[in-house]
Amino acid sequence: MSAPPAKAGPLHVLMVEDSPTDAKLVLRALRDIGREIVSTRVDSGPALTQLLSEGPWDVVLSDWSMPSFGALDALAIVQAFDPDLPFLIVSGTVGEERAVAAMRAGAHDYVIKDNLARLAPAIERELREHAERRLRKQAELDRRRVEEALARTHEQLRHAQKMEAIGRLAGGVAHDFNNLLTVILSYGTLLRESLPFSPEAVADLDEICNAGQRAAALTRQLLAFSRQQVLEPRIVDPNEIVVNMERMCTRILGENIELRAVLGPAVGEVLIDPSSLEQVIMNLVVNAHDAMPRGGKLTIETTRLDLDDDFAATHLGVVPGPHLCLSVSDDGSGMDAATMQHIFEPFFTTKEQGKGTGLGLSTVFGIVRQAGGTIWVYSEPGLGTTFKVLLPITMGTPTAKRTPRPVVDLRGTESILLVEDDDAVRAVAAGILRKHGYQVLAVGSPLEALTVSDAMLDTFHLLMTDIVMPGMSGPELAMRLRERRPNLRVLCMSGYTDEAVMRHSGLGALPRNGNPSGLWTEAGFAFLQKPLVPDALLRKVRETLA
């Protein structure tokens, strides 16, 4: 792989040199490169860190020894900012042994000041090699992105095919079983009404019919999962349905579970069978109730989300456009990743034998998919569960093409420290930010973030952190880092709803109006709700950095 031709524009040189005279000699030697030289000289670590963030720079030239600063110190700062930025030592005091050691530490070359004629060729060679390294790295990143995208798509397709196969089987069983139940229930009812039986025999027939009715209810759930039930979809206001169900949900939850409804304004209307949407809410509420045997809090929340093409590309079956997000969150026992892999499968249950059919969540899955939506779950053992139902918003007359949103420049060049314990979320968030020009250091835990040196921390413009993580919460991490850098901007993110996330933030109790934005503002933190939609993520980053 060959590098592209050298740039014809100015060569931006950052010089680490305490002698103005030596700096002039170096610049004179660079005339042989044949390009305009734009240079800045620094002689301290803080000044170097500041200028690196104000770049871009093509090459860094550093003296070996200065009164309070040296080439190895400068090398460490440059590598923390960009490990691949060409770094050459230009010195009259460095010996060959120390120069070799510096190159092993990451320096790209060294030139003796008594032989500055070698400097221009060394820089030109390093610029070519840097361009080649950049091309190789980009090709490798592209290859990995393609492989990861293929792997994600393959896994989503495999899961969809499995659920589709189970759905077909369940639908077939339900249809056949319904035929049998028709016979049982019909003849049982006829016998009861037409023949003179003793009271004991009538009671026995009643038990047969009751059992048949319960079996019929199970088949309806199987049909809902397989998306073969007969529906009467209408354009409905989801907020109105939630309000109408509050009293019933309260009775189901009992006195030891607090129910809160946080309804967003103007969330839009959806096309769905109203009774099916009620069943979705009811099944999720019952599931949350069973996860909180000792009581707790349950939040039903509605918001409006605009899902873009990037989100749809990574979520099989999702169509870009405005969606209702119906969230049901509890602070119960939670689930591990292995359990979440199976929760929507028919007859899968974590309850003890005889305590559940395993069809509640599979019914929810089928109803949501039949309405053209998708369902997403976020949970951690001991930290509760959030289900998010995404349903397309309808305007009454479906349109084939969506009005494009105004184009806004969402790119940036700032440095971001990203802290997220979920590997997949961390990778996708970092990829989105880097794709749009940001410099990102992504780490998997708050403890890792705390090991960042002061010099390196000074280069970051924004801390972007998950809220619920092992060992330390995101807001606690932010406050620790702000002790070292008070002006650090902070963007917190979470898969819990606004209501649920406050219980794990360490920022205090929720305001009486149910809106946590005041607490986030008071702490100086911005907040972003998961799932991370690229457009919303980038807009929030720009808003936070503004």
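Which residues are buried in helix α1 (residues 20–29)? In this predicted model, they are A23, V26 and A29. Look down the axis of α1 and these buried residues fall within an arc of 120 degrees, so they line one face of the helix. Over on the other side of α1, T21 and K24 are exposed.

There's a handy bit of background here. An α-helix has 3.6 residues a turn, so residues three or four places apart point the same way.

## The chain as a whole

Zooming out, the protein chain has 546 residues, and buried ones make up 45% of them. Its secondary structure comes to 18 helices and 19 strands.

How about sequence separation? Take the contacts in the protein chain between residues at least 6 apart in sequence: 74% of those join residues at least 24 apart.

In soluble globular proteins, nonpolar side chains tend to be buried together. Here, the largest nonpolar core has 38 residues, and I281, L298, I300 and F387 are those with the most contacts inside it. Helix α8 (residues 274–290) gives the most to this core, with 7 residues. There's also a second, separate core of 24 residues, which includes L14, M66, F87 and A99.

Leaving out residues up to four places away in sequence, L298 touches L253, I257, E258, L259, R260, V285, A288, M292, V328 and S329.

## How α7 packs on α8

Helix α7 (residues 238–253) and α8 have axes that come within 10 Å and cross at roughly 35 degrees. The crossing of α7 past α8 is right-handed. On the α7 side, the residues involved are P238, I241, V242, M245, M248, C249, I252 and L253; they meet P274, L277, E278, I281, M282, V285, V286 and H289 in α8. By type, the residues of this contact divide into 14 nonpolar, 1 polar and 1 charged.

Now for L277, which lies in helix α8. Why does L277 count as buried? Because its relative accessibility is 2%, and the cut-off for buried is under 20%. Setting aside residues up to four places away in sequence, L277 touches V236, P238, I241, I272, L326 and L391.

## Helix α11, an enclosed helix

V364 brings us to helix α11, where it is one of the buried residues. In α11 (residues 360–370), 8 of the 11 residues are buried, so this helix is largely enclosed by the rest of the structure. The buried set is L361, S362, T363, V364, F365, G366, I367 and V368. After α11 comes G372, with a positive phi near 85 degrees.

## Another positive phi, in a loop

A266 also has a positive phi, near 50 degrees, and A266 is a residue other than glycine. Where does A266 sit? Its place is in the loop between β9 (257–263) and β10 (269–272). With 70% relative accessibility, A266 counts as exposed.

L433 is found in helix α12, and at 0% relative accessibility it counts as buried. What does L433 touch, not counting residues up to four places away in sequence? The list is I416, Y438, V440, M464, L538 and V541. L433 and R411 are 22 residues apart in sequence, yet C-alpha to C-alpha they are 8.4 Å apart in space.

H436 has its place in the loop between α12 (423–435) and β16 (439–443). Despite the loop position, H436 counts as buried, at 17% relative accessibility. H436 touches L410, R411, G412 and L538, again not counting residues up to four places away in sequence. L538 therefore turns up in the contacts of H436 and in those of L433, under a contact cut-off of heavy atoms within 4.5 Å.

T339 has its place in helix α10 (residues 337–340). Is T339 buried or exposed? At 16% relative accessibility, T339 counts as buried. T339 and S379 are 40 residues apart in sequence and, C-alpha to C-alpha, 10.0 Å apart in space.

Key:
Residues are numbered from 1 along each chain as its sequence is written. This is a predicted model: local features need pLDDT of at least 70, side-chain atom pairs count only at pLDDT 80 or more; totals for chains, interfaces and linings use all residues. Side-chain values use heavy atoms; hydrogens and water are left out. A nonpolar core is a set of buried Ala, Val, Leu, Ile, Met, Phe, Trp, Tyr and Cys residues joined through side-chain atoms within 4.5 Å. Buried means under 20% relative accessible area, exposed over 50%, partly exposed in between (1.4 Å probe, protein chains only). Helices (H or I, at least four residues) and strands (E, at least two) are DSSP runs, numbered from the N terminus. Axes are lines fitted to C-alpha atoms, for helices over the stretch in contact, and angles run from 0 to 180 degrees between N-to-C directions. A crossing is left-handed if the near helix is turned anticlockwise from the far one by less than a right angle, and right-handed if clockwise. Ala, Val, Leu, Ile, Met, Phe, Trp, Tyr, Cys and Pro count as nonpolar, Asp, Glu, Lys and Arg as charged, and the others, Gly among them, as polar. The arc is that of the directions from the helix axis to the C-beta atoms.
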